[in-house]
Amino acid sequence: MSRREIVEAGHPVLRERAREVSAEELSSPEIQGLIDDMIETMRAANGAGLAANQVAETVRVAVVEVRPDNPRYPYKPPVPLTVIVNPAIEPVDDDVERINEGCLSVPNLRGEVPRHMNVRVRYLDRDGVEHEEVRRGLTAGTFQHELDHLDGVLFLDRLRGIKRDLITRRIRKLQRAGRW
Ligand SMILES: [Zn+2]
């Protein structure tokens, strides 16, 4: 296992739609090694999740884990390590709330993002076993955030109104200072 570099906003790979992984590919040393590296990288950065695009790989693979002592997200309920391959997601109902989000690829910025509170997620785990589960609340938000990455979407894209303007100004300021 080795830690990968996390690419930051501005890198074109974060805007690509990642491709599906075949069953044969999933069992390959390349993808299994990528999954190990993503887990290590997420844990080292105290992330709640990491999508393959964030380590510059365009395959539909993401990992999610919230440990009880996560310093970046002390308010998130714990989530056991979950490896997500070729996921699909759909809202179960119309319940939407704003969630305070950050992203390892968007340093120094947070925003309130509207997310579905109840979603059905279908995916394969790293052994190719199919899962279908309903995720709720902040955990539902985490899944939506990671699946967005696989479609080339960042949480910044989902900000609305004044907050979006404020964040855009702050990004320009950080860019001018060479910190973004
Ligand atoms: Zn992210």
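How accessible is Leu138, and does that make Leu138 buried, partly exposed or exposed? I looked this up to get started. Leu138 has 27% relative accessibility, so Leu138 counts as partly exposed. A reminder to myself, and to anyone reading along: this is a predicted model.

**Entry: around Leu138**

I placed Leu138 in helix α3. I also checked Leu138 against His116, which is 22 residues away along the chain. Their C-alpha atoms are separated by 9.4 Å.

**Entry: the zinc ion**

Which residues coordinate the zinc ion? I found Cys103 through SG, His145 through NE2 and His149 through NE2, at 2.1 to 2.3 Å. I wrote down the spacing of these donor residues in sequence as C-x41-H-x3-H.

**Entry: salt bridges**

How many salt bridges does a search of the whole structure find? The search gives 19. I picked out a few to follow by eye.

I began with Arg120 and Glu90, whose side chains meet in a salt bridge at 3.3 Å, N to O. Arg120 sits in strand β6 (residues 118-124) and Glu90 in strand β3 (residues 79-91), so this pair ties together parts that are 30 residues apart in sequence. Arg120 has 26% relative accessibility and so counts as partly exposed. Glu90, at 32%, also counts as partly exposed.

Glu90 has another partner to note: the side chain of Arg122 meets Glu90 in a salt bridge at 3.8 Å, N to O. Glu90 belongs to strand β3 and Arg122 to strand β6, so the pair ties together parts 32 residues apart in sequence. I noted Arg122 as partly exposed because its relative accessibility is 36%.

Back at Arg120, I found a salt bridge with the side chain of Glu132, at 3.4 Å, N to O. Here the pair links distant parts of the chain, with Glu132 in strand β7 (residues 130-136) and Arg120 in strand β6, 12 residues apart. I also jotted down a network in which salt bridges that share partners join Arg17, Glu20, Arg60 and Asp151.

**Entry: charged patches**

Which residues form a positive surface patch? My list reads Arg169, Arg170, Arg172, Lys173 and Arg176. I traced Arg169 to helix α4, residues 161-176.

For negative charge, I found a surface patch where Asp93, Asp94, Asp95 and Glu97 gather. Glu97 is in strand β4, residues 96-103. With a relative accessible area of 43%, Glu97 is partly exposed.

**Entry: two backbone angles**

Before looking at phi, I noted the background: most residues other than glycine have a negative phi. Asn46 has a positive value, near 60 degrees. I located Asn46 in the loop between α2 (29-44) and β1 (49-51). Its relative accessibility is 32%, so Asn46 counts as partly exposed.

Where does Asn108 lie? I found Asn108 in strand β5, residues 106-116. Its phi is positive too, near 70 degrees. Asn108 is partly exposed, with a relative accessible area of 49%.

How values were computed. Residues are numbered from 1 along each chain as its sequence is written. This is a predicted model: local features need pLDDT of at least 70, side-chain atom pairs count only at pLDDT 80 or more; totals for chains, interfaces and linings use all residues. Side-chain values use heavy atoms; hydrogens and water are left out. Patches are made of residues with over 30% relative accessible area and no salt bridge: like charges are joined within 9 Å, nonpolar side chains (Val, Leu, Ile, Met, Phe, Trp, Tyr) within 5 Å. Accessible areas come from the Shrake-Rupley method with a 1.4 Å probe; for residues, only the protein chains shown count as cover. A salt bridge is a side-chain nitrogen of Lys or Arg within 4 Å of a carboxyl oxygen of Asp or Glu. Lys and Arg count as positive and Asp and Glu as negative; His and the chain ends are not counted. The place of a charge is taken as NZ of Lys, CZ of Arg, CG of Asp or CD of Glu. Helices (H or I, at least four residues) and strands (E, at least two) are DSSP runs, numbered from the N terminus. Donors are N, O and S atoms within 2.8 Å of the metal (3.2 Å for Na, K and Ca); water is not among the atoms, so sites may look incomplete. Buried means under 20% relative accessible area, exposed over 50%, partly exposed in between (1.4 Å probe, protein chains only).
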